[in-house]
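Q: I have just opened this structure and would like to learn how to read it. Could you walk me through it, feature by feature?

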Amino acid sequence: MLPGASSEKSELYRIMTGMCSTSFDVGSSFLPSDSFDQAFCDSSSESAQRALAALRNHKEAEKRRRERINSHLDKLRSILPCSSKTDKASLLAKVVERVRELKQEAAMMEQTSRKTESYCLIPSESDEVTVYSSSDDGGRLIFKASLCCEDRSDLMPELIGILKSLRLKTLRAEMCTVGGRIRNVLVVAADSEHSIESIHFLQSALKGLVQKSSDTSADRSKRRRMAASAARQLRS
C-alpha cells in the first residue's frame, strides 16, 4: 500500500458520508433526507387510503349484488313448489324445468287453436253446448267445448266442479257476458285414462249445467210475471 493511501481513503469516506447524510440527489434537485422520508411516507399513506376506499366500494357493490340475487331467488322459491331451504342449483333446475313446461303448453294451445273450430264469444239467445275433440303431438286427448246459457252466480263453481270430477286439465278458458247471458269457451286436456268416448260424458255434464241455468231463468221469469200481475191488481 502506498504511503498516504489510508489517509486519502479516510478523507474520501468522510466526504461521501457527509454528502449522504445531508442530501439526496433526485434529478437536478437536492432534498434533505428527512424531507424526502416525510414526502415518501405521505405519498404512501395517500395511496393506502385510496386503495382502502376502493376496496370498501368494491365490497359494498358486491354486497348489494348478492342481496339482489338472493331477493330474486326468494321470489322464485315463493312461485315454484319448493321449500325455502332449496339450494340455488336445485332451484334453478326447477326454473328451467317449469319454463320448458310452459313453452310446451303454449305450443300445444296454439296447435289446438289451429286444429279446432273457432267460436264466436258473443252469447246467443238460445242455449247450446258443443264439444269437439282432437289430440296434441304427444297423443294426449284435447277437448274444446262451448256452452251458452243464462248467467247465474253459481255457474262457474259448478263448471269447475265438472272439470275436476272428470279429471280434465284446463289449458285455456274464455268468457263473455251480454244482457244476462254468458258464453264459456274451454280447451281442456284429458289424462291417459280417458278415451274418445269421454267426449260424451263431458257433453252430457255440460248439457245438464245449461239445463239448470235454463230452469233457473224460467223460474225467474215466472216470478217476474207474477210480481207484475200483482202490481197491476194493486193499481186497479
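Q: Is Asp154 buried, partly exposed or exposed, and how do I read that?
A: Burial is judged by relative accessible area: buried means under 20%, exposed over 50%, and partly exposed in between (1.4 Å probe, protein chains only). Asp154 has 29% relative accessibility, so Asp154 counts as partly exposed. Please keep in mind that this is a predicted model, where local features need pLDDT of at least 70, side-chain atom pairs count only at pLDDT 80 or more, and totals for chains, interfaces and linings use all residues. Residues are numbered from 1 along each chain as its sequence is written, and side-chain values use heavy atoms, with hydrogens and water left out.

Q: With which residue does Asp154 form a salt bridge?
A: A salt bridge is a side-chain nitrogen of Lys or Arg within 4 Å of a carboxyl oxygen of Asp or Glu. Here the partner of Asp154 is Arg152, with 2.6 Å between the closest N and O atoms. Arg152 is buried, at 9% relative accessibility. A network of salt bridges links Arg152, Asp154, Glu158 and Lys212.

Q: How many salt bridges does a search of the whole structure find?
A: Eleven. One to look at joins the side chains of Asp74 and Arg77, at 3.1 Å from N to O. Helices (H or I, at least four residues) and strands (E, at least two) are DSSP runs, numbered from the N terminus. Both Asp74 and Arg77 belong to helix 2 (residues 33–79), where they sit three residues apart, about one turn of the helix. Asp74 is partly exposed at 46% relative accessibility, whereas Arg77 is buried at 15%.

Q: Which residue forms a salt bridge with Asp127?
A: That is Arg181, and the closest N and O atoms of the pair are 2.8 Å apart. Asp127 lies in the loop between helix 3 (88–115) and strand 3, and Arg181 lies in strand 6, so the pair ties together parts that are 54 residues apart in sequence. Asp127 counts as partly exposed, with 35% relative accessibility, while Arg181 is buried at 6%.

Q: What is the order of the strands in the open sheet?
A: Strands of a sheet pair through backbone hydrogen bonds, either parallel or antiparallel. Two strands count as paired if DSSP finds at least two bridges between them. In this model, an open sheet of four strands has the order 3-4-6-5, and the pairing is antiparallel. Strand 3 and strand 5 (168–178) are at the edges with a single partner strand each, so one side of each has no neighbour in the sheet.

Q: How many bridges join strand 3 to strand 4?
A: Strand 3 (residues 128–135) and strand 4 run antiparallel and are joined by eight bridges. Val131 has Ala145 of strand 4 as its bridge partner, and Ser135 stands opposite Leu141 in strand 4. The two strands form a hairpin with five residues between them, and Gly139 in the turn has a positive phi of about 85°.

Q: Over how many bridges do strand 4 and strand 6 pair?
A: Nine bridges connect strand 4 with strand 6 (residues 181–190), again in the antiparallel sense. Glu150 stands opposite Arg181 in strand 6.

Q: Why is strand 4 largely enclosed by the rest of the structure?
A: Strand 4 (residues 141–150) is largely enclosed because ten of its ten residues are buried.
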